[in-house]
Amino acid sequence: MNQHSVHFGHILNRFIQRRSCQMHPSIPLITRNRRKFRVHRRRLRRKQMSPNHATCLPQVAKYVVIVPALSVTAMENWGLITIRQTDGLYKEGQFSITQKHNLQEIISHEVAHQWFGNLVTMKWWNDLWLNEGFATLISVRAVDFLENTTWRYEDKSAELQCIALRTDQMDGMIPVSANSNANIGRYMEKSPKVNAIVYKKSSIIIRMIERLIEDETFKQGLSRFLNSFLYKNADHEDLFNVLVYVHDSSAGGHLSGQNFSLSDVMDTWIRQAHFPIVHVNRLEGSIVTLRQEKYEVWKIPIFYDDPVSGKHKVFWLTDKQPAVFDMGGQFVVDPHQLTYMRLRYDMDVYSDITMALLRDHNLVPANSRSRLIDDTMAMAENGQMSYKVPFNMTMYMTSETAYRPFQTFSAYLDFFLPRMYVHETWPKYKEYLEIVFVPSLNSIFRLPYYLRPIVYASALRHGDEEDFDFLFKKWNMEHYLLERDSIFTGLCNTNSRTRSDLAWKTLLNNRARENILARAGTCSKRLINDTLLLDMFYEQPEYLKELTETAEGPVYHILTLVSRNLNTRKDIERYMAGARHHAIDRIGWRHRVAPYFGGNASEAVVEMRRLSLSAL
């Protein structure tokens, strides 16, 4: 594998103001080949640590070690960073560019913890977001620095926001900063989705702070914060006090002239769970009213571009009363997706946006196109609008070339496909998906290495026993976990009950090394109406008993994931008494919503063909 050095001193230098510190540490990577560990050492140029050098890396050698198995993706330690093998390796031409960026983000995230977490540590676990939010934000910026680009920060922020919003809309979610008496560690163990709040939502909130007080003020504030609390504990009040002091001492920022402070604004975002929904209703032309709805009252910054200077300006929405706002020729509110919220337009505005996208989708920025898909899909899923709106909104995607809208669209397929593929309207929905995706697929001229899982899956789905035996032998011999994952994805697609049992029994017997939860998730996404894995558990309960005694949590997740193949109440009664609500919900959706959903898909297909949007 290639050596991978991250000069993190340069990255942090761009993010915060350094004070007379000239150290730029290289991070050596310990990789592993098939025979032995090879250690790539690099000497660190370091300077004696002092309170005036808080933004320097502490005087300790830094190593990144790739390990075969790890319960988390990576872990920062004072002097040693460990990364799970499946996430920590990259070689150009053999892995996707996403794997490269993810590796860069992981290393940068863990190195950032040397400052945000180790050098300055939160006072209690309710402010864990001070560690994880900043590390997440800096890691994304690090990729832009290493790749000499500027797009990753904006693109990744949009992705983080979509994931956080989908989690944050659930009942019972905690705020970014929980009550100081809350046992957040135990809560996170019970509810892993809280990670989306502590890591992702908090990074979006920090990004909002950065845009509100502007870049240079933000850098100066972080520098002062790190120097003030060097080798000490701090909470969010300490951070806000420093940022307010620096902001009030400067002439910039979007809070000047307001009757509230940065602390007043941020209290609504970190103390309250969930997010606001902002309703946009047209009055006349570009003049609309904005009204916030949902949960609590928020101080919402609505960012827009100044037509003269081109810089961001802010329109404040601070209560639930409608406020008149001029969109200034923009088709959408908050065009760069800088505020953590959902937007719901009236039908006239949705119609104008749809026509603009069909005319020229670049009239709406890519992140806003992604947000339109995410917001309309989520609100339709929760019964707040008809699915006809997102179907109309996505008709333009036959000409889409940006990655972000496609990723957002694809994220919802995991919800729709298991519910639709056994329904009578499935052919129409499938036709709609083909119209949307085929133009993009036709642009792929050769099959990259990282699409091997798809090739393996197709080979075994249409192959014979000899093909399975060949791939099964290769899987048992394979050393690298990334390739093992790819091969097992193929093994999951066999249509033979006997061969499927063989693969899963072998996997379960070696569960100390394998990521069973991830494998079950991948295999359960097959669009084939079968219950091979469930049959194995039901007919040979010793495997389920043995797993339950040693790993109760993963068993529940396996059964939950594979329950997507349960399509009748008889299946539920036989297999899934413990997770019946998941299957019942899916069956109920299929009866209540699928007929209308399929009808909307059929209407979209007719309209797309009328507009000659199909490449079929």
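Phe-134 is buried, with a relative accessible area of 1%. Buried means under 20% relative accessible area, exposed over 50% and partly exposed in between, using a 1.4 Å probe and protein chains only. Phe-116 is buried too, at 2%. This is a predicted model, where local features need pLDDT of at least 70, side-chain atom pairs count only at pLDDT 80 or more, and totals for chains, interfaces and linings use all residues. Residues are numbered from 1 along each chain as its sequence is written, and side-chain values use heavy atoms, leaving out hydrogens and water.

Now look at the rings. A pair of aromatic rings is described by the distance of the centres and the angle of the planes. Rings of Phe, Tyr and Trp (its six-membered ring) pair if their centres lie within 6.5 Å; planes under 30 degrees apart are stacked, over 60 edge-to-face, the rest tilted. This rule gives 32 aromatic pairs. One of them joins Phe-116 and Phe-134, stacked at 4.7 Å centre to centre with 10 degrees between the planes.

Next, find Phe-391 and Tyr-432. Their ring centres are 4.8 Å apart and their planes stand at 70 degrees, so the pair is edge-to-face. Phe-391 is buried at 5% relative accessible area, and Tyr-432 is buried at 1%.

Charges meet rings as well. A charge sits over a ring if NZ of Lys or CZ of Arg is within 6 Å of the ring centre and within 35 degrees of the ring normal. The charged end of Arg-141 sits over the ring of Tyr-153, 4.5 Å from its centre. Lys-299 lies over the face of Phe-260, 5.7 Å from the ring centre.
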